[in-house]
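Have the sequence and the 3D view open as you read.

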Amino acid sequence: MTEERSGASILVESLVKQGVEFVFGYPGGAVLPIYDALFGDERLRHILVRHEAGAAHAAEGYARSTGKPGVVLVTSGPGATNAITGIADAFLDSIPLVIITGQVPTGLIGSDAFQEADTVGISRHCTKHNYLVKDPADLAAIVDEAFQIATTGRPGPVLIDIPKDVQIAMATWNDGPIQRHQRYNPRTEGTSEEITRAVEMLANAKAPVFYTGGGVINAGPRATALLRELQAKTGAPVTSTLMGLGAFPADHADWLGMLGMHGTFEANMAMNQADLILCIGARFDDRVTGRLDAFAPNSEKIHIDIDRASINKTVQVDLPIIGDCAVVLDQMLTEWGTRKGQDLTEWKARVDGWRERKSLAYPSNAQAIMPQLAIERLYELTKSKDPVVSTEVGQHQMWAAQYFPFFSPNKWLTSGGLGTMGYGLPAAIGAQCGNPDSLVIDIAGDASIQMNIQELGTATQYRLPVKVFILNNEWMGMVRQWQELTYESRYSNSYSDSLPDFVKLAEAYGWKGIRIENESELDAGIQAMIDHPGPVIVDCLVHKETNCFPMIPSGAAHTDMILYGDTVAGTMDDEAKALV
Amino acid sequence: MMHIQHEAEERHVLTVTVDNEAGILAKIAGLFTARGYNIDSLTVADITDNHAVSRITIVTHGPRSQIDQIHAQLERLVPVHKVVDLTEVGPHVARELALVKVAGVGEKRVEALRIAEVFRARPVDTTTESFIFEMTGAPDKIDSFVALMRDLGLVEVGRTGIVAMARGPEEA
Ligand SMILES: Cc1ncc(C[n+]2csc(CCOP(=O)(O)OP(=O)(O)O)c2C)c(N)n1
Ligand SMILES: [Mg+2]
């Protein structure tokens, strides 16, 4: 079938063709033709957010929890600029998004027209690729390529800026296969020499560690399964970045917990003492490595990554393998065959020694609920439902990572690279759209939740039963912690003053509100949250000044962890202060 | 007290073949600023009959690891077909074109013309009191010529930046 259609109509058809179920968006003048094309179209479900950052984060939550790309639709100017935070977030965390922005008509571009912003310019360095569409005849091919780029190679956000006249103008459209030049062909396989060498190194290692990251999740459930298989062959202990949690089951005997700044003692010590690090889909981020010249000093390093630019960016590795984690793991398993690795008894005994430090053990408190305990109870009471958990950013996020164990991928949604407060609620909304039968919980902080609080209305409108569990410590706890540890407790602007009554706020939006003030109410409050069929905010008042440990202060080595019970000097030199 | 540390740096010539699409130059130049890389010179022109492909020559300097990153980051851009680090590849020809305006009379004017001949710089505009010399060559040769003209009435200099290519019969 070949016919004349408007740009807006071609866009909608192209999205349907890609299998898009949900569009997270917000209308405005420059996208009215697209909104009109969506009107009454049952094939796409439009979720009307309350702020465009919410649209982008919701699309991220949808993408991360389903493995499918998230789609965003916003207007020109402020619509596009509001979405930028979510786009930048998706860029750093490698989340596949396709963002459609309206633009002023072609003839007005560059004239400072009403609601004009240079969206392509502004988004250039926080998208994997972007387009300004000049002719509706190009749209079908552009959308098709945009989805390919967003979802293959290292996933990421791709933006399509469509001037209003291009949405209205007609072009020939047909429903046949799309003809376009194939110019994006990321490498997915390791060479046989690389694989042979990697397997040899692994088989010879006496103290190996698998250091896994978000790339394993991005490579799909098969990568997770293959990771477990390769681990079973070698018996190596496994640690993960914040982004990779869930790829390896947290109840496995060889699981070390998360590594890095707030990682476990055993994970960081194992990294420090390993003779071989097999990095799979992680990128040696500064939160992970700590002081670079002291990072894993005695190890050889293999780095599997789909993105060549991630290799040797901060840490020099001995063997880079550019490829998709699932494909390369599969190649390694085939090459491994029936091989036997080294006897790891001694290494594992050392690891067990580090486990003995019980770095996640925290002091108890008779007066106030310890935030760690709240997370542990939240996990215990919800685990049978295999929930999807999102977070905001701060101490609560790290506690969630430390005390809420994950066993499978796509259950854990958090803003790792950009560390965006306000991510969790819209991400939970997006995840709930994609997983209507799942229990979806945003573990939030009192400050972060206010950054996209308007999205409560979105959940109400679409009857999405998301749960927001606020660890309310009345502080921007993570900021307060840094000020305590490095600025002699000068708490400059980190107190959460004038907090709203979260229970009343919930009720004002048609949500249920629950407050938990004492440990004795903790389980019942959580249970009431689970049992309520609609959306719930739980305002869980926790101990206000608890710090998040273990902690490697920025610029310190993995061996310089601060644990609960250590006395910490309240200052830091300028070199350390200058680090992020 | 904290001080900013500097690392040893290398100078590299890169050629980048790209789809000749809108915004591509901004994308490449912007990548350098966004990630804190240096551009010493950048030239671009399309090189195919249908204007579909452009070749960009970039001269950059930075620590070794940064040069490798630049290479990788450029390759990661969707419209980029190919990146060649000519400095890595080996011997290559690097050429630049300059226009050099010199004004003067008498002795200095004669001397300027004589030196221009030695450098194979050609006068492309002549008045009784000035010349514009056109000169093509390696950048340091142009540097020397311009330096000599300074005492002989140099008015202004325009340079194209470098285009470069690997020596030998193969495509790099
Ligand atoms: C958009 C944004 N602004 C500022 C920050 C810096 N920041 C990181 S954590 C934090 C405090 C978060 O407080 P809260 O949500 O209450 O979490 P808590 O640390 O108390 O658990 C701030 C301000 C950020 N990460 N994101
Ligand atoms: Mg707080």
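Helices (H or I, at least four residues) and strands (E, at least two) are DSSP runs here, numbered from the N terminus. With that in hand, chain B reads β-α-β-β-α-β-α-β-α-β-β-α-β-β along its sequence, which comes to five helices and nine strands. Before going further, keep in mind that this is a predicted model, where local features need pLDDT of at least 70, side-chain atom pairs count only at pLDDT 80 or more, and totals for chains, interfaces and linings use all residues. Residues are numbered from 1 along each chain as its sequence is written, chains are lettered from A and ligands numbered from 1 in the order in which they are written, and side-chain values use heavy atoms, with hydrogens and water left out.

Staying with chain B, its C-alpha trace spans about 60 × 55 × 30 Å along the principal axes. Of its 172 residues, 40% count as buried (under 20% relative accessible area, with exposed meaning over 50% and partly exposed in between, using a 1.4 Å probe and protein chains only). UniProt, in an unreviewed entry, puts the feature "domain: ACT" at residues 13-88 of chain B; UniProt positions are given in the numbering used here, feature names are shortened, and annotations may be inferred rather than shown by experiment. That stretch of chain B is 34% helix and 38% strand, with its end C-alpha atoms 9 Å apart.

Now for the metal. Which protein atoms hold the magnesium ion (ligand 2)? The donors are A:Asp446 (OD), A:Asn473 (OD1) and A:Trp475 (O), at 2.0 to 2.2 Å. Donors are N, O and S atoms within 2.8 Å of the metal (3.2 Å for Na, K and Ca), and because water is not among the atoms, sites may look incomplete. A:Asp446 sits in the loop between β17 (440-445) and α18 (456-461) of chain A, and A:Trp475 in the loop between β18 (467-472) and α19 (477-486), so the pair ties together parts 29 residues apart in sequence. A:Asp446 is buried at 0% relative accessible area, and A:Trp475 counts as buried too, at 13%.

A:Asp446 also leads us to ligand 1: one of its polar side-chain atoms lies 3.3 Å from an oxygen atom of that ligand. The protein covers 77% of the 580 Å² of accessible area that ligand 1 has on its own (areas come from the Shrake-Rupley method with a 1.4 Å probe; for residues, only the protein chains shown count as cover). A polar backbone atom of A:Gln395 is 2.8 Å from an oxygen atom of ligand 1, while one of A:Met421 is 3.4 Å from a nitrogen atom. Altogether 17 residues surround ligand 1, each with a heavy atom within 4 Å of it. α19(A) supplies the largest share of this shell, three residues.

Finally, look at A:Arg154, in the loop between α6 (139-151) and β7 (157-163) of chain A. A:Arg154 is buried, at 18% relative accessible area, and its side chain makes a 2.8 Å polar contact with that of A:Asp307. A polar contact is a pair of N or O atoms within 3.5 Å; within protein, one must be able to donate a hydrogen and the other to accept it, and residues adjacent in sequence count only if both atoms are side-chain atoms.
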